[in-house]
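This report goes through a protein model shown below.

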Amino acid sequence: TLCLLALPLAAVAGTLDEIQKRGTLRVGMEPGYMPFELTNKKGEIVGFDVDMAKRMAKAMGVKLELVSTAWDGIIPALITKKFDIIMSGMTLTQERNMKINFANPYIVIGQTILLRKELAGKVKSYRDLNDAKYTVGSKLGTTGEQATKRMIHKAKYISYETEQEGVLELVNGKIDAFIYDMPYNAAAFVQRGQGKIVHLDKPFTYEPLAWAVRKGDYDFINWLNNFLNQVKNDGTYDKIYRKWFED
Ligand code: ARG
């Protein structure tokens, strides 16, 4: 009987206790999504989410371990406990929320359009792209892909493994437009696009980004929401935001 009692109690303890016992917070992310997580010249993963994860680990009094994971397998990896939390610019969608829990959103973004220069003026919004004569790309398993299939369904669609590949194909004139999250498109435009491509930077979807944990992890969600409130109001969030979005 003692065993029967001990088991459910241990299960209730949750991820927050596991992190404390282990002495390490394990964060799952897929680098390549600037400015949230990218690999720098030294081979280190850096970005907005990384700085936030560092703060989080510090506030927990534990070490930080980043677990690099392919985007299309990131939710199964969370569920099978490869890490404690997803901090990877993930859009909170109702479909994903059926499988995992989300903390309160930490930023709101939306899909924008990187466009082949020759189409400037002709294509003014996603509606103009919704035509069989256009070829549009986005990234596998993302909300960019979902938005394209839903809202630009008449165009030919190409799915890319990485966002970098998609932008490159656009710059090389292989596709007419690349649909993706606004912060990424803005950074990609500054990096390689000027003079070659156009950024239609008015978002046409509503996408809150949020940290995700396993279902039922209410203690962890409670901690995360209170942590987010703290950093949003004590200047920490603004400092990290300015570093990655305004420099
Ligand atoms: N916000 C988009 C989504 O949730 C793309 C996020 C991609 N993140 C990344 N780290 N590669 O589908």
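## Helix packing

Helices H7 and H8 are oblique to each other, because the angle between them is about 50°. The model is a predicted one. H7 covers residues 163–171 and H8 covers residues 182–193. Their axes lie 11 Å apart. The crossing of H7 over H8 is right-handed. From H7, the residues in contact are Glu163, Val167 and Val171. They meet Tyr184, Ala188, Arg192 and Gly193 of H8. Sorted by class, this contact has four nonpolar, one polar and two charged residues.

H2 runs over residues 48–60, and H10 over residues 236–245. These two helices are roughly antiparallel, because their angle of about 150° is over the 145-degree limit for that class. The H2–H10 crossing is right-handed. H2 brings Phe48, Asp51, Met52 and Arg55 to the contact. H10 answers with Thr236, Ile240 and Trp244. By class, four residues in the H2–H10 contact are nonpolar, one is polar and two are charged.

The table sets out the geometry of both pairs.

| Helix pair | Angle | Axis distance |
|---|---|---|
| H7 and H8 | about 50° | 11 Å |
| H2 and H10 | about 150° | 9 Å |

The protein is divided into two parts: domain 1 (2–108 + 208–245) and domain 2 (111–200). Taken over C-alpha atoms, the centres of domain 1 and domain 2 are 29 Å apart. Domain 1 gives nine residues to the contact, and domain 2 gives 11 residues. The side of domain 1 that touches domain 2 has four nonpolar, four polar and one charged residues.

## Backbone details

Most residues other than glycine have a negative phi, and most peptide bonds are trans. Two places in this model are worth a look on that score.

Proline 35 sits in the loop between strand E1 (24–29) and strand E2 (38–39).

The other is lysine 81. Lysine 81 is not a glycine, yet its phi is positive, at about 65°. Lysine 81 is in the loop between helix H3 (74–79) and strand E5 (85–86).

Conventions: Residues are numbered from 1 along each chain as its sequence is written. This is a predicted model: local features need pLDDT of at least 70, side-chain atom pairs count only at pLDDT 80 or more; totals for chains, interfaces and linings use all residues. Axes are lines fitted to C-alpha atoms, for helices over the stretch in contact, and angles run from 0 to 180 degrees between N-to-C directions. Helices (H or I, at least four residues) and strands (E, at least two) are DSSP runs, numbered from the N terminus. Angles under 35 degrees count as roughly parallel, over 145 as roughly antiparallel, 65 to 115 as roughly perpendicular and the rest as oblique. A crossing is left-handed if the near helix is turned anticlockwise from the far one by less than a right angle, and right-handed if clockwise. Two residues are in contact if their C-beta atoms, placed from the backbone, lie within 7 Å. Ala, Val, Leu, Ile, Met, Phe, Trp, Tyr, Cys and Pro count as nonpolar, Asp, Glu, Lys and Arg as charged, and the others, Gly among them, as polar. Domain bounds come from an automatic or database domain assignment.
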